[in-house]
Amino acid sequence: MSLFLANRVGYVLKRYPRFSETFVVNEILAHEAAGLDIEIFSLRPPDDTHFQDVISLVRAPVTYLPVYGIKAEAFWSAVQGATEVLPGVWGALEAARGEDVRDVYQALLLARLVRLRGISHLHAHFASVATTVARLAARFAGVTYTFTAHAKDIFHESVQPDDLRRKLEDAAAVVTVSDYNEAHLRAEFGAAAGRVQRVYNGLDTARFPFTIPRRRPPVIVGVGRLVEKKGFDDLVSACAVLASRGVDFECRIIGTGELEAELRAQIGRLGLGKRVRMLGARPQADVIAEVGSAALFAAPCVLGSDGNRDGLPTVLLEAMALGTPCVSTDVTGIPEALHDGETGLMVGQHDPEGLADAMERLLGDAELRVRLAIRARQLVEAEFSVHRNAARVRALFGPVETPVEEAVEAVPAQLERAS
C-alpha cells in the first residue's frame, strides 16, 4: 500500500520520554509506520533514570519547551514572538483567563512553532497540563486539538471538574482508554462528553511472542509503579498466605515508586525475604523475558484513597499477549480485557485471601493456564492491535492524508497447535 505525505501533527506530553508510558510510544510508532509526520513537544524534561529500548525507534523530533524561571521579560517576549506570526493572538488571549502563567507561556511558544513548522493539529496525552497547553496553543494558532484521557487525569481528587468540562467541550474529539472511563465521563459531564470515544491502548503484538505456559517454574510476576493503586501490598500479603499453606513459589515485583520502602518493610515483617524479590526498574526487554517465563502475572489493582486508579493497565495486556495467565481485580476497565474464567482469573480488590486462592489455583493447574492463555492472546489480537487502534485515533485528527489501514494480524501458529 502506497503512503501519502501526511499533514504534521504535534504530540503534546508533560514529560517525554517516560519509563512507564510505553503506550504513548507504541501509538507514535504506529502512526509513523502509517506515514504520519509527527513532532513531539515536551513540557518538562525527563526525570526517569531508565528508558525503554523501544524509544530509540521513534523518528519524531522532540522539542522541550522552557518552563522554569519565567520572568516578565521572557513572557512578554513570548507574546511578541507569537504575534509576529499569529496576529490573532491578542484576541485569543481571552481564552487564557485564570490559567497558570507557565501554561500560558508554553502555549504561546508552542503556538508560534505550530505555525512556523506547518503543524495542522495537536494531540495531548492526559487531560491535565498537557491538554491545558495544547488547548491554549491550538486556540492561539487557529488549529484543532484532541486529547486522550487515561486515569489519574479523570479520577484523582485534584481534578477540577470545570476545567475538564471546558476541555471536553473545546476539543475536536476526545479519546479515553476504556468503556469504564467513557461511561464515567458521560455520567459526570453529560453533553460536554458527547465527543468522547473509547479507543483501547494498543500493543504491537509482534513484539510480544506467545508461548504456551504449560511448563513454567512457579514464579509470580507483578509489574508497575510502586504506588497505592497498583495494590502490591495486597500481593505481598497474598504471598504470605501462600507461604503459610506450603505452596512452592517465588514472587518478583518489577518497578519503583514512593511505596518501595513500605513494601520492603512489609516483606521483612512477614518473613518473605526469600520468597518475594523486588527487582526495581527494568528495560522492557527484561520485563518481557520475566513475564513471558512466569507461571502467572498478578495485577491486584485497587481504587486509591485519593480517587486515583488505573484505566486498563497496558502491562496486563502485555502479559496476556505473552501467554502468561493473569490474575487481576474487578476495578475500572480491567474486566473489559480479563474475563473471569475465560481470559484470566478475577478477584475482588483488597482481598489477599482471594488473590492467594486464584494464584494457587493457577500454579497447580497447567491445563487451566494453557486454556486461559490461549483465549487471552486471541482477545488481545482481536481488540488491542496498536495499528488498528492508532488508525482510529488518527481518524480524529482531521483531514490527514494517510491511509487508514485495517491491520489484521494472524493468530500465531502456536495458538492453533495448542488448541
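Modeller: Let us begin with pairing, for which one cut-off is needed: two strands pair if DSSP finds at least two bridges between them. In this predicted model, strand S1 (residues 8-15) and strand S4 (residues 119-125) run parallel and are joined by five bridges. Within that pair, Arg 8 stands opposite Ile 119 in S4.

Biologist: In what order do the seven strands of the open sheet lie?

Modeller: The order is S3-S2-S1-S4-S5-S6-S7, and the pairing is parallel. Strand S3 (62-64) and strand S7 (196-198) stand at the edges with a single partner strand each, so one side of each is left without a neighbour in the sheet. From one strand to the next, the twist averages 25°.

Biologist: Which strands are the edge strands of the open sheet of six strands?

Modeller: That sheet has the order S10-S9-S8-S11-S12-S13, again with parallel pairing, and its edge strands are strand S10 (276-280) and strand S13 (345-347), each of which pairs on one side only. Neighbouring strands here are turned by 25° against each other on average, direction ignored. Inside the sheet, strand S8 (residues 219-223) runs parallel to strand S11 (residues 296-299), and two bridges join them; Val 221 stands opposite Phe 297 in S11. Helix H11 (residues 284-292) lies across S8, strand S9 (250-254), S10 and S11, and runs at about 145° to S8.

Biologist: How should I read a pair of packed helices, and at what angle do helix H4 and H5 pack?

Modeller: Two packed helices are described by the angle between their axes and the distance between the axes. Helix H4 (residues 101-116) and H5 pack at an angle of about 50°, with their axes 8 Å apart, and that makes H4 oblique to H5. Their crossing is right-handed. On the H4 side the contact includes Val 104, Leu 108, Ala 111 and Val 114, while among the contributors from H5 are Val 133, Leu 136 and Phe 140. Divided by class, the residues of this contact are twelve nonpolar, two polar and two charged.

Biologist: Which residues make the contact of H5 with H7, and how many of them are charged?

Modeller: Helix H5 (residues 129-141) and helix H7 (residues 161-170) pack at an angle of about 45°, with their axes 11 Å apart, and the two are therefore oblique to each other. H5 passes H7 in a left-handed crossing. The contact is made by Thr 131, Thr 132, Arg 135 and Arg 139 of H5, together with Asp 163, Arg 166, Lys 167 and Asp 170 of H7. By class, this contact has six charged and two polar residues, and no nonpolar ones.

Biologist: At roughly what angle do the axes of helix H9 and helix H13 cross?

Modeller: The axes of helix H9 (residues 232-244) and helix H13 (residues 352-364) cross at roughly 60° and come within 8 Å, which makes H9 oblique to H13. H9 passes H13 in a right-handed crossing. Among the residues in contact are Leu 235, Ala 238 and Val 241 of H9, and Leu 355, Met 359 and Leu 363 of H13. The classes here are nine nonpolar, one polar and three charged.

Biologist: What should I look for in the backbone itself, and where does Pro 17 lie?

Modeller: Most residues other than glycine have a negative phi, and most peptide bonds are trans. A cis peptide bond, with omega about -5°, joins Tyr 16 and Pro 17, and Pro 17 lies in the loop between S1 and helix H1 (22-33). Phe 126 has a positive phi, near 80°, and its place is in the loop between S4 and H5. Thr 332 is not a glycine either, yet its phi is positive at about 45°; Thr 332 lies in the loop between strand S12 (326-329) and S13.

Biologist: What is the mean pLDDT of the protein, and where is the pLDDT below 50?

Modeller: Where pLDDT is low, the predicted coordinates should not be read in detail. The mean pLDDT of the protein is 92, and 93% of its residues reach 70 or more. Over residues 1-6 the pLDDT is below 50, and this stretch has 16 contacts in the model beyond near neighbours in sequence. Over residues 402-419 the pLDDT is also below 50, with 38 contacts in the model beyond near neighbours in sequence.

Note on methods. Residues are numbered from 1 along each chain as its sequence is written. This is a predicted model: local features need pLDDT of at least 70, side-chain atom pairs count only at pLDDT 80 or more; totals for chains, interfaces and linings use all residues. Side-chain values use heavy atoms; hydrogens and water are left out. Helices (H or I, at least four residues) and strands (E, at least two) are DSSP runs, numbered from the N terminus. Axes are lines fitted to C-alpha atoms, for helices over the stretch in contact, and angles run from 0 to 180 degrees between N-to-C directions. Angles under 35 degrees count as roughly parallel, over 145 as roughly antiparallel, 65 to 115 as roughly perpendicular and the rest as oblique. A crossing is left-handed if the near helix is turned anticlockwise from the far one by less than a right angle, and right-handed if clockwise. Contact means heavy atoms within 4.5 Å. Ala, Val, Leu, Ile, Met, Phe, Trp, Tyr, Cys and Pro count as nonpolar, Asp, Glu, Lys and Arg as charged, and the others, Gly among them, as polar. pLDDT is the predictor's confidence in each residue, from 0 to 100.
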